[in-house]
Amino acid sequence: MQKNELPKGMFAPDAGDMSAEDFRRAGHEIVDWIADYFERMEDLPVLSQNTPGDLTNALPPAAPDAGEDFREIFSDVERLILPAVTNWNHPNFHGLFSTSTSSVGVFGEMLAAAFDQKAMLWRTSPASTELEPVVLDWLRQMMNLPEDFHGIIYDTASVSTLHAIAMAREKLNLSVRETGMSGRVDLPLLRVYCSEQTHSSIDKAVILLGLGQKSLVKIPTNDRFEMDAEKLSRAIRDDISAGFLPLCVVATVGTTSTTSVDDIEKIADVCQRNSIFLHVDAAYAGSAMIVPELQFHFKGASRADSIVTNPHKWLFTPFDLSVLYVKDLDLLKKTFSLVAEYLKTNETVTNQMDYGIQLGRRFRSLKLWFVMRYFGREGLINRIREHVRLANLFKLWIEESANFELLATVPFALVCFRACPRNVADLDAFNEKLMNEINASGAAYLSHTKLNGVFALRLSVGSLRVEERHLRKVWDLLNDLTAKDAEVK
Ligand code: PLP
């Protein structure tokens, strides 16, 4: 039998689940396959080379009536699924934000799936209910946040932020839980403030919370793409004079396009003066706050009401795991708790269902616990520090080149830049073509944004497997293609 090949005839029994013996055999093969997958990562294309519909067309239109041999099913992973996978774990994945899983994170997911906890009440999962706050307190300490922040896990930052803004609305005591918002003449227009660089999840949150996009005020940024706190202050003052009611300010540490950092201290001053809830979106850069020399970016964050950070982005934890830290856990509970008869218990315990929209919760803290214990604080710091070093090295290459230019500062591990060969008139089109050529090659993945109206390439460094040679490979590719496309000598 070949490696990664299961014996024939692994069919479901007439009743019940797979036998323990089959599970063991299949499990070993699958772990073997995953180990090989990690090992051969660099031989795989970063972006799937499929075209839209390839996978759909290869799949039967309906499920089989009779159970199939698990060997056949598993061999289709290699044949059908893998070619359709974009390899986020590839060291040359530099698009969006480069994020990757870790082996222990995979084990955490395996065990969480095996335990299949629905952590709604303490009694439905003491393990999840009690491990989560401990692990999140470890992370809080690593991020140097004060003790009055309490963490809760959701799936994504979009959902964490939605919960934070819902809390901010509840804090205003407008009886929205009971009376809703529609048809109410007693409600002024509520306002949420963020910068024009803020992630689109804030727009989606105001849509979902019934505030409407007209409630969202996007404050202009300075030349470093940071929210202008003076303009924020003026916008709030003008809104209050016009009879509007400020609900929340969302500041960002590590914006999506450039990883710019809003001045939290100044923004917290504005919020404090006007008694406005402050939410900090550190979905990407929160992980970097474990690195002592980067913690200055969080100056003022201790004054926020809530902070979101995503260990699934830059803490080697498999998707999904987002953490919302809140000062007022009781307010979060007041916003969301609703206990149906069949969920009433007489234990004096934390029931995780009280802290969000979901009833059942996945046992996500297990994988983060594995990651934090396996790498340790120092191991995690060293890895993030290395990513920052590599991004700054890449930045240096750009600064030293006549054919490329930087388009934003590099506070963390993302570089925004473009090719600017002298003989090219339309640089936007040129850079877009450059990006498409690199992405189509399968050798690396870059994404883009628009900065001050120009097309900017984004190179993010964040893979657990990335080394200097991988960045050198992209740099050589960029130079070769630029030379070819622009006929630069
Ligand atoms: N906030 C910021 C700053 C982000 O960069 C992102 C995604 O990249 C998000 C929020 C949304 O993250 P998620 O996919 O966890 O909802």
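A quick definition to begin with: a helix crossing is right-handed if the near helix is turned clockwise from the far one by less than a right angle, and left-handed if it is turned anticlockwise. Keep in mind that this is a predicted model.

**Helices α6 and α8**
- Helix α6 covers residues 157-171 and helix α8 covers residues 200-208; their axes come within 9 Å and cross at roughly 50°.
- As for handedness, α6 and α8 make a right-handed crossing.
- On the α6 side, the contact uses Ser 158, Thr 161, Leu 162 and Ile 165, while α8 brings in Ser 201, Ile 202, Ala 205 and Leu 208.
- Sorted by class, the contact of α6 with α8 has five nonpolar residues, three polar ones and no charged ones.

**Helices α4 and α13**
- The axes of α4 and α13 are 8 Å apart, and the two helices pack at an angle of about 150°.
- Angles over 145 degrees count as roughly antiparallel, so that is the label for α4 and α13.
- The crossing of α4 and α13 is right-handed.
- From α4, the contact takes in Val 104, Gly 105, Phe 107, Gly 108, Glu 109, Leu 111, Ala 112 and Phe 115; from α13 come Leu 366, Lys 367, Phe 370, Val 371, Tyr 374 and Phe 375.
- That contact of α4 with α13 splits into ten nonpolar, two polar and two charged residues.

**Cysteines**
- How many disulfides does a search of the whole structure find? The search comes back with zero.
- Cys 194 is in no disulfide, and the nearest cysteine sulfur, that of Cys 248, is 9.3 Å away; a disulfide needs the two sulfurs within 2.5 Å.
- Cys 194 is buried, at a relative accessible area of 0%.
- Cys 248 is in no disulfide either; for this residue the nearest cysteine sulfur belongs to Cys 271, 7.7 Å away.
- Cys 248 also counts as buried, with 0% relative accessibility.

- You'll find Tyr 355 in the loop between α12 (329-336) and α13 (365-400).
- Is Tyr 355 buried or exposed? With a relative accessible area of 9%, Tyr 355 is buried.
- Leaving aside neighbours within four places in sequence, Tyr 355 is in contact with several residues, including Ile 152, Tyr 154, His 163, Leu 329 and Phe 336.
- Tyr 355 and Arg 383 are 28 residues apart along the chain, and their C-alpha atoms are separated by 33 Å.

**Backbone details**
- Most residues other than glycine have a negative phi, and most peptide bonds are trans.
- Phe 319 and Asp 320 are joined by a cis peptide bond, with omega at about 10°.
- Asp 320 sits in the loop between α11 (311-314) and β7 (322-326).
- Leu 96 has a positive phi, near 45°, and lies in the loop between α3 (70-81) and α4 (103-115).
- Leu 96 is partly exposed, at 39% relative accessible area.
- Ser 175 has a positive phi too, near 55°, and its place is in the loop between α6 and α7 (176-179).
- Ser 175 is partly exposed, with a relative accessible area of 37%.

Note on methods
Residues are numbered from 1 along each chain as its sequence is written. This is a predicted model: local features need pLDDT of at least 70, side-chain atom pairs count only at pLDDT 80 or more; totals for chains, interfaces and linings use all residues. Side-chain values use heavy atoms; hydrogens and water are left out. Axes are lines fitted to C-alpha atoms, for helices over the stretch in contact, and angles run from 0 to 180 degrees between N-to-C directions. Helices (H or I, at least four residues) and strands (E, at least two) are DSSP runs, numbered from the N terminus. Contact means heavy atoms within 4.5 Å. Ala, Val, Leu, Ile, Met, Phe, Trp, Tyr, Cys and Pro count as nonpolar, Asp, Glu, Lys and Arg as charged, and the others, Gly among them, as polar. Buried means under 20% relative accessible area, exposed over 50%, partly exposed in between (1.4 Å probe, protein chains only). Angles under 35 degrees count as roughly parallel, over 145 as roughly antiparallel, 65 to 115 as roughly perpendicular and the rest as oblique.
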